[in-house]
Amino acid sequence: MTVPENNAASFEIELRRTGSVVTVPADRSALEVVMERVPDAEFDCAKGECGACVVTVLAGVPDHRDTVLSDRAKAAGKRIILCVSRSLTRRLVIDL
């Protein structure tokens, strides 16, 4: 998997269903880190182009870097493409 360009600082992801909190460092993708706790998390292209790794955001503000979600969906902030997107807040809570 490739790490998105122009990474921001590290951030946390709370996996609501498992109760786990993971830290996503600046040099790794959220998908990579999440898969360490949820190895069967779905993904395909790992480039932000297919939408296979989309998950629901329960809290926090995503930094969308994908080409899948519409501008309207991105503005709503209710979903995130884990392979390339990051967070504008210190923590994202996702339904996983």
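In which sense do strand β3 (residues 54–59) and β5 pair, and over how many bridges?

Modeller: The model is a predicted one, and the reply should be read accordingly. In it, β3 and β5 pair in the antiparallel sense, over 3 bridges. Within this pairing, Val-54 stands opposite Ile-81 of β5. Strand β3 also pairs with strand β7 (residues 91–94), again in the antiparallel sense, over 2 bridges. There, Val-57 has Ile-94 of β7 as its bridge partner.

These pairings belong to an open sheet of 5 strands, in the order β2-β1-β7-β3-β5, with mixed pairing. Its edge strands are β2 and β5 (79–81), each of which pairs on one side only. On average, neighbouring strands of this sheet are turned by 40° against each other when direction is ignored. In general, the strands of a sheet are paired through backbone hydrogen bonds, in either a parallel or an antiparallel arrangement.

Strand β1 (residues 11–15) and β2 are antiparallel and share 5 bridges. They form a hairpin with 4 residues between them, and Gly-19 in its turn has a positive phi of about 80°. Glu-14 stands opposite Val-21 in β2.

Ser-20 is located in strand β2. Its relative accessibility is 16%, and it therefore counts as buried, the cut-off being under 20%. Beyond residues up to four places away in sequence, Ser-20 touches Ile-13, Glu-14, Leu-15 and Arg-37. With Arg-37 there is also a side-chain to side-chain polar contact of 3.3 Å. Glu-14, in turn, is located in strand β1. With a relative accessibility of 17%, Glu-14 counts as buried. Neighbours within four places in sequence aside, the contacts of Glu-14 are Ser-20, Val-21, Arg-91, Leu-92, Val-93 and Ile-94. Among these is Ile-94, already named as the bridge partner of Val-57. Glu-14 and Val-93 are 79 residues apart along the chain, but their C-alpha atoms are separated by 4.6 Å.

Helix α1 lies across β1 and β2 and runs at about 145° to β2. Of the 8 residues of α1 (residues 30–37), 6 are buried, so the helix is largely enclosed by the rest of the structure. The buried residues of α1 are Ala-30, Leu-31, Glu-32, Val-33, Val-34 and Met-35. Their cover includes β1 and β2. As a general point, an α-helix has 3.6 residues a turn, so residues three or four places apart point the same way.

The C-alpha trace spans about 30 × 25 × 25 Å along its principal axes. Of the 96 residues, 45% count as buried. Among contacts between residues at least 6 apart in sequence, 55% join residues at least 24 apart.

Note on methods:
Residues are numbered from 1 along each chain as its sequence is written. This is a predicted model: local features need pLDDT of at least 70, side-chain atom pairs count only at pLDDT 80 or more; totals for chains, interfaces and linings use all residues. Side-chain values use heavy atoms; hydrogens and water are left out. Two strands pair if DSSP finds at least two bridges between them. Buried means under 20% relative accessible area, exposed over 50%, partly exposed in between (1.4 Å probe, protein chains only). Contact means heavy atoms within 4.5 Å. A polar contact is a pair of N or O atoms within 3.5 Å; within protein, one must be able to donate a hydrogen and the other to accept it, and residues adjacent in sequence count only if both atoms are side-chain atoms. Axes are lines fitted to C-alpha atoms, for helices over the stretch in contact, and angles run from 0 to 180 degrees between N-to-C directions.
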